[in-house]
Amino acid sequence: MTQLARALTIAGSDSGGGAGIQADLKTFQELRVFGMTAITAVTAQNTLGVFDVQTLPAEAVAKQLDAVATDIGVDATKTGMLANAEITALVARKVKEHQLFPLVVDPVMVSTSGHLLLDQAARKQFIEELIPLATVITPNIPEAEALTETPLTDLNARKQAAQALHALGAQSVIIKGGHLEDDEAVDLFYDGKEFVFLRSPRFDTPHTHGTGCTLSAAIAAYLARGFTLANAVSQAKQFISAAISHAFPLGSGHGPTNHWAHRLGGELYAD
């Protein structure tokens, strides 16, 4: 019997279904990977914003991780919303204890609507304890600026930020270009040796909720299936580009991306 690929997401729950744990599980399922979770927080949110966050006790997160790792096993892991310093430090410890590699670290700091999802006290633990464990870290422009304390106003600054994040211990870095205003959405991938530009058209849509979660989950899914990192990143870029191009016009705000768009064969979702 062929071994089923298994991926674990350590993140917060999004009641609106577009990001967080929900987006990760949808991505895993679409990419034929068995998905498992360790939930760090429960949020009340929809397309208009985040209205409440209830962070779980660190002990509850630890027990979820122990339960999954000691029985089912994990072929790749991704982290999303970690909420506070205690959970961040715990996750770093459990990643090492259970060898939850390869590890995709999505530094979820602020929601699309501007709600703080990682408190200031946690950033030190995040930088010193979690980033050095990352197979790849996937910040967007604002997150990369916050982590490096440098404005990323041009390509050279983005390259320097990628090198700085790599110097913190991450094996590789993707700085996502979705927050820029270019004609293309260009992500910068750096593996410590060379820079690779991952390009796709920029789609004129407000429905981009969950794009960062989905991209990092797709990378984790492909890594769980045994893809090389370069191929996993390339395939994940195609997956998220399709998801954005067929995004859902749900709700009154920023709607979610379409996790099954990669298999629509060009057929646009009907309004």
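Predicted model: local features only at pLDDT ≥ 70, side-chain atom pairs only at ≥ 80, totals over all residues.
Me: Thanks! So what does Ser241 touch, leaving out residues up to four places away in sequence?
Reply: Ser241 touches Ser200 and Phe203.

Me: And where is Ser241 found?
Reply: Ser241 belongs to helix α8.

Me: Is Ser241 buried or exposed, and why?
Reply: Ser241 counts as buried because its relative accessibility is 12%, and buried means under 20%.

Me: Let's move on to Thr257. Where does that one sit?
Reply: Thr257 is in the segment after α8, the helix that spans 229-245. Thr257 is buried, with a relative accessible area of 1%.

Me: Which residues does Thr257 touch?
Reply: Setting aside residues up to four places away in sequence, Thr257 touches His207, Thr208, His209, Thr211, Thr214, Ala243, Ile244, Ala247 and Phe248.

Me: New topic: helices. How are two packed helices described?
Reply: By the angle between their axes and the distance between the axes.

Me: Great, what are those values for α3 and α4?
Reply: Helix α3 (residues 85-98) and helix α4 (residues 120-130) pack at about 10°, and their axes are 8 Å apart. Angles under 35 degrees count as roughly parallel, so α3 and α4 are roughly parallel to each other. Their crossing is right-handed.

Me: Which residues meet there?
Reply: From α3, Ala85, Thr88, Ala89, Val91 and Ala92 meet Ala121, Ala122, Gln125, Phe126, Glu129 and Leu130 from α4.

Me: How do α2 and α3 cross?
Reply: Helix α2 (residues 58-71) crosses α3 at roughly 20°, and their axes come within 10 Å. These two helices are therefore roughly parallel as well, and α2 passes α3 in a right-handed crossing. Residues making the contact include Ala58, Val61 and Leu65 of α2, along with Ile87, Leu90 and Lys94 of α3.

Me: Last one: Glu143. Which helix is it in, and what is the nearest side chain of opposite charge?
Reply: Glu143 is in helix α5, residues 141-148. The nearest side chain of opposite charge is Lys176, 4.5 Å away. Glu143 is buried yet has no salt bridge.

Me: What does Glu143 touch, then?
Reply: Not counting residues up to four places away in sequence, Glu143 touches Asp106, Pro107, Val108, Met109 and Thr138.

Terms used
Residues numbered from 1 in each chain as written. Heavy atoms only, no water. Helix = DSSP H or I, 4+ residues; strand = E, 2+ residues; numbered from the N terminus. Buried < 20%, exposed > 50% of the residue type's maximum accessible area, 1.4 Å probe, protein only. Contact = heavy atoms within 4.5 Å. Lys, Arg positive; Asp, Glu negative; His and termini not counted. Salt bridge = Lys/Arg side-chain N within 4 Å of Asp/Glu carboxyl O. Axes fitted to C-alpha atoms, helices over the stretch in contact; angles between N-to-C directions. Parallel < 35°, antiparallel > 145°, perpendicular 65-115°, else oblique. Left-handed = near helix turned anticlockwise from the far one by under 90°.
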